[in-house]
Amino acid sequence: MSDKFFFKGRQDARQHHTTYGGFQTNASQKSGSKKYPLTLVVTSDARKQEVEAQVARAKLYANISVDTREGAVESITELTAILTKGGTVTTVKSPSRNDICNCGSGLKFKKCCG
């Protein structure tokens, strides 16, 4: 009964999180796959062959077009972004105080090398 004094209007139903450009839930949209090839633009046929070799070496798929107009700009940023992406970095877990020491003495780490 107290709601009618504070609430004006009707609440909208919750919108789906991808409606307004939110998180992409479709993980199969991998750039460079057969279904979603890269779109690249180069300025000469020789450069097209070089880029095709890079794409083949990386086992990707791309639609490469040649733009020979005056002042044309090469666009291969999608390819360079995929090729320069770093791998997963893993670090070795350091022993905690009460673990056995790595040096092989049989003592706890805190009494030996810690």
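I began with Arg47, which forms a salt bridge with Glu50; the closest N and O atoms are 2.9 Å apart. I note that the model is predicted. Both residues lie in helix α2, three residues apart, about one turn of the helix. I looked up the exposure of Glu50 and found the residue partly exposed, with a relative accessible area of 44%.

I then followed Arg47 to a salt bridge with Glu74, at 3.0 Å from N to O. Arg47 lies in helix α2 and Glu74 in the loop between β2 (62-66) and α3 (77-83), so this pair ties together parts that are 27 residues apart in sequence. Glu74 counts as partly exposed, at 30% relative accessibility.

My next entry concerns Asp67, which forms a salt bridge with Arg69, the closest N and O atoms being 3.0 Å apart. I recorded Asp67 as buried, with a relative accessible area of 17%, whereas Arg69 counts as exposed at 63% relative accessibility. Through shared partners, salt bridges join Arg47, Glu50 and Glu74 into one network. I count three salt bridges by this rule.

The largest nonpolar core has nine residues: Leu38, Leu40, Val42, Val51, Val55, Leu60, Ile64, Ile76 and Leu79. I find that β1 (38-42) and α2 (45-57) are the elements giving two or more residues to this core. The most comes from β1, with three residues. I also listed the contacts of Leu38: leaving aside residues up to four places away in sequence, Leu38 touches Ser31, Gly32, Leu60, Tyr61, Ala62, Asn63, Glu78, Leu79 and Ile82.

Notes:
Residues are numbered from 1 along each chain as its sequence is written. This is a predicted model: local features need pLDDT of at least 70, side-chain atom pairs count only at pLDDT 80 or more; totals for chains, interfaces and linings use all residues. Side-chain values use heavy atoms; hydrogens and water are left out. A nonpolar core is a set of buried Ala, Val, Leu, Ile, Met, Phe, Trp, Tyr and Cys residues joined through side-chain atoms within 4.5 Å. Buried means under 20% relative accessible area, exposed over 50%, partly exposed in between (1.4 Å probe, protein chains only). Helices (H or I, at least four residues) and strands (E, at least two) are DSSP runs, numbered from the N terminus. Contact means heavy atoms within 4.5 Å. A salt bridge is a side-chain nitrogen of Lys or Arg within 4 Å of a carboxyl oxygen of Asp or Glu.
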